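My notes follow the display.

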Amino acid sequence: MSLKDKIHITGLTDSGVVRDHNEDSISSNADLGLAVLADGMGGHKGGEVASALAVDSILNSLSESLGQIKTGEIDDETGYSLESMAVEAAIKQANTVIYQAAQKNKQYEGMGTTIVVLLFYDNRITIAHVGDSRLYRVRDNKLELMTRDHTLLQELVDRGFYTPEEAQKSLNKNLVTRAVGVSPTVDVDLTEDMAVVDDIYLLCSDGLNDMISDDLIEDCIINFKDNLDTVAAELITQAKQHGGKDNVSALLAKVIKPFPVNGNWLSRIFDLFS
Ligand SMILES: [Mn+2]
């Protein structure tokens, strides 16, 4: 079943005001209901290479593996859906690809990338992330952060050293404690939830949420929610107007219709006429 007419996905990436190249990568597959965003790091061209490798590798892996999954089944060991396990496996595979490329090529030494992945299936979502790229959801006109940054700063907040307000002003907020491709293995955070019609999801790089507040992100999404392309453009514009010190990316997904895998008889009849 293609999710193309049920989930609308669109996005933009921009090098920002200060940087002359863009180390962020975004991609999506509307049929699979899949959105992927990566923010690369590492000298020379390392950052660009790492984020592009991650995004391509994850889309390729999932294009193959998702088709073989029986939706509705869960993994005995973890209790996660098989879709979540496939997303995790795809990120781990990308980790290996990047790590090996860095080992073989001196100029890519130490390269790595953050990753955030959003997958829709059977009226549900899986969110997977590593690093400080984020996923937000707007439901009932309220913005909610669905991921927890893997940064030194977030760890210090968690341990009570800083309040979130103090953290916002801290200097080294971008020190990530986890990244894809920097070591032989990687730990991936997985979240599963229900998806509801009219939900809007935002995947973004730190170049967005470091430049503008969550309140402004919420305003941009709510004000332009009938046109996701405008939301993406407005978010990028706002980030650049507020400094644009880093590459900035916004990838948006909106639930247009329910998307149960087999559907009950009622939703199948609705689908016939819509
Ligand atoms: Mn960044």
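I started with α1 and listed its buried residues: Gly 46, Gly 47, Val 49, Ala 50, Ser 51, Leu 53, Ala 54, Val 55, Ser 57, Ile 58 and Leu 62. Buried means that 20 or more other C-beta atoms lie within 10 Å of a residue's own; 12 or fewer is exposed, in between is partly exposed, and C-beta atoms are placed from the backbone. The model is predicted: local features need pLDDT of at least 70, side-chain atom pairs count only at pLDDT 80 or more, and totals for chains, interfaces and linings use all residues. Residues are numbered from 1 along each chain as its sequence is written. Helices (H or I, at least four residues) and strands (E, at least two) are DSSP runs, numbered from the N terminus.

I then looked up what covers those buried residues of α1. The cover includes β2 (24–29), β3 (34–41), α2, β4 (112–113) and β5 (115–121).

I checked the length of α1. Its 20 residues should span 28 Å at 1.5 Å a residue, and its end C-alpha atoms are 28 Å apart, so the two agree. The expected span is 1.5 Å times one less than the number of residues.

**Helix pairs**

Next I took α1 (residues 46–65) with α2 (residues 82–104). They pack at about 140°, with axes 8 Å apart. Axes are lines fitted to C-alpha atoms, for helices over the stretch in contact, and angles run from 0 to 180 degrees between N-to-C directions. α1 is therefore oblique to α2. Angles under 35 degrees count as roughly parallel, over 145 as roughly antiparallel, 65 to 115 as roughly perpendicular and the rest as oblique.

For α6 (residues 214–223) and α7 (residues 228–241), the axes come within 9 Å and cross at roughly 150°. The pair is therefore roughly antiparallel. Leu 216, Ile 217, Cys 220 and Ile 221 of α6 meet Val 231, Glu 234, Leu 235 and Gln 238 of α7. Contact means C-beta atoms, placed from the backbone, within 7 Å.

**Thr 147**

Where is Thr 147? I found Thr 147 in the loop between β8 (142–145) and α3 (152–158). Thr 147 has 19 C-beta neighbours inside 10 Å, so it counts as partly exposed. Leaving out residues up to four places away in sequence, Thr 147 touches Val 116, Ile 127, His 129, Arg 134 and Leu 135. I also noted Lys 254: Thr 147 and Lys 254 are 107 residues apart in sequence and 18 Å apart in space, C-alpha to C-alpha.

Methods:
Two residues are in contact if their C-beta atoms, placed from the backbone, lie within 7 Å.
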